[in-house]
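Here is a short report on one protein model. Keep the sequence and the 3D view open while reading.

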Amino acid sequence: MAGPFGIKSTDPAKSHAFIFEDARLAAVLSDWVRWLEDERRVAAHTIDGYRHDILEFLTFIQHHQGGVLTSESLESLRPAEFRAWLAKRAGDGLKRTSIARALSVVRNFFRWCERNNRLTNQAILSIRTPRLPHAVPRPLSPDDAIAVIETAQKIADDSWVGLRDAALFTLLYGCGLRISEALALTPGHFGGTSDSLIVNGKGGKQRMVPVLLVVREAVVAYVKACPFMLVVGQALFRGVRGGPLNPGVAQARMRLARGQLGLP
């Protein structure tokens, strides 16, 4: 099936198949996609997105320059032509996140080409990624926070892990801690009867936060159930093998609980 500017799509089951009027460029693109599939192990749907973005870029360049698209014409691209492509994407109404993703794909392609001595273009290095909007995180409602804590405890494979996750999430929500701050706590922070907690925050700055009774009770329940010896000065929250709990594991447990409840 003939596509735009001399590209023909071939077997759709083979995502590395490209046919161009210029055989050298076709080989370069096919080898790049094959590298994504075989060495980078990029998922099939992501490969489809990469193909769409690179083909859209090449379509624009073909129409912009006229004539047969070749490796040499890609090497001769100037910053103004990359910017014209980005402006066209913006004019088509694409979101800045989609434009940034497409630029990332094109950069990836040119980086791979240079590393593998296929073609070189330094002009793309001068192209800046569009400034992306920063979404403000939405806090959980009190009812949703309680539901997350209860769900995290229920879905754990081991009861002590469920109590650990419940204690950690109660601490995060009840004391307003960052994940790094919570995981830096030791049993010594809860050794006394104080209703406050001194936390080491960003830049080594300390602050005092109140500890609600429900938070202390959740931590005590976890400590009693934890199968590992919790020593003053060492990590309070432990992984299933006894080492300090990894932040990625804690975040994954939160995502799992959130997914169970259908929360954004």
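At the start of helix H10, a side-chain oxygen of Asn 246 comes to within 2.6 Å of the backbone nitrogen of Gly 248. The model is a predicted one. At the other end, just after H10, Gly 262 has a positive phi of about 70°.

Which residues of H10 are buried? They are Ala 250, Arg 253 and Ala 257.

**Gln 153 in helix H6**

Helix H6 spans residues 142–155, and Gln 153 is part of it. Is Gln 153 buried, exposed or partly exposed? Its relative accessibility is 38%, so Gln 153 counts as partly exposed. Beyond its neighbours within four places in sequence, Gln 153 is in contact with Gly 162, Leu 163 and Ala 166. Take Ala 166: it is 13 residues from Gln 153 in sequence, yet their C-alpha atoms are 5.6 Å apart.

**Aromatic pairs**

A pair of aromatic rings is described by the distance of the centres and the angle of the planes. The whole structure holds 9 aromatic pairs.

| Pair | Centre to centre | Angle of planes | Type |
|---|---|---|---|
| Phe 57 and Phe 82 | 5.8 Å | 10° | stacked |
| Phe 57 and Phe 110 | 6.3 Å | 85° | edge-to-face |

Why is the pair of Phe 57 and Phe 82 called stacked? Planes under 30 degrees apart count as stacked, and these two rings have their planes at 10°, so the pair qualifies. The planes of Phe 57 and Phe 110 are at 85°. That is over 60, the cut-off for edge-to-face.

Where do these rings sit in the sequence? Phe 110 lies in helix H5 (residues 96–115), so its pair with Phe 57 in H2 ties together parts that are 53 residues apart in sequence.

Phe 57 has 0% relative accessibility, so it counts as buried. Phe 82 is also buried, with a relative accessible area of 0%. Phe 110 is buried too, as is Phe 57.

Trp 32, Tyr 50, Phe 57, Phe 82, Trp 85, Phe 109 and Phe 110 form one aromatic cluster.

**The whole protein**

The secondary structure comes to 10 helices and 2 strands. From the N terminus on, the elements run α-α-α-α-α-α-α-α-β-β-α-α.

How much of the protein is buried? Of its 264 residues, 41% are buried. The protein exposes about 15200 Å², and carbon and sulfur atoms supply 55% of that area. Among contacts between residues at least 6 apart in sequence, 56% join residues at least 24 apart.

Key:
Residues numbered from 1 in each chain as written. Predicted model: local features only at pLDDT ≥ 70, side-chain atom pairs only at ≥ 80, totals over all residues. Heavy atoms only, no water. Phe/Tyr/Trp six-rings, centres within 6.5 Å; stacked < 30°, edge-to-face > 60°. Buried < 20%, exposed > 50% of the residue type's maximum accessible area, 1.4 Å probe, protein only. Helix = DSSP H or I, 4+ residues; strand = E, 2+ residues; numbered from the N terminus. Contact = heavy atoms within 4.5 Å. Areas by Shrake-Rupley, 256 points an atom, 1.4 Å probe, with all protein chains shown as cover. Polar contact = N/O pair within 3.5 Å; in protein donor to acceptor, adjacent residues only side chain to side chain.
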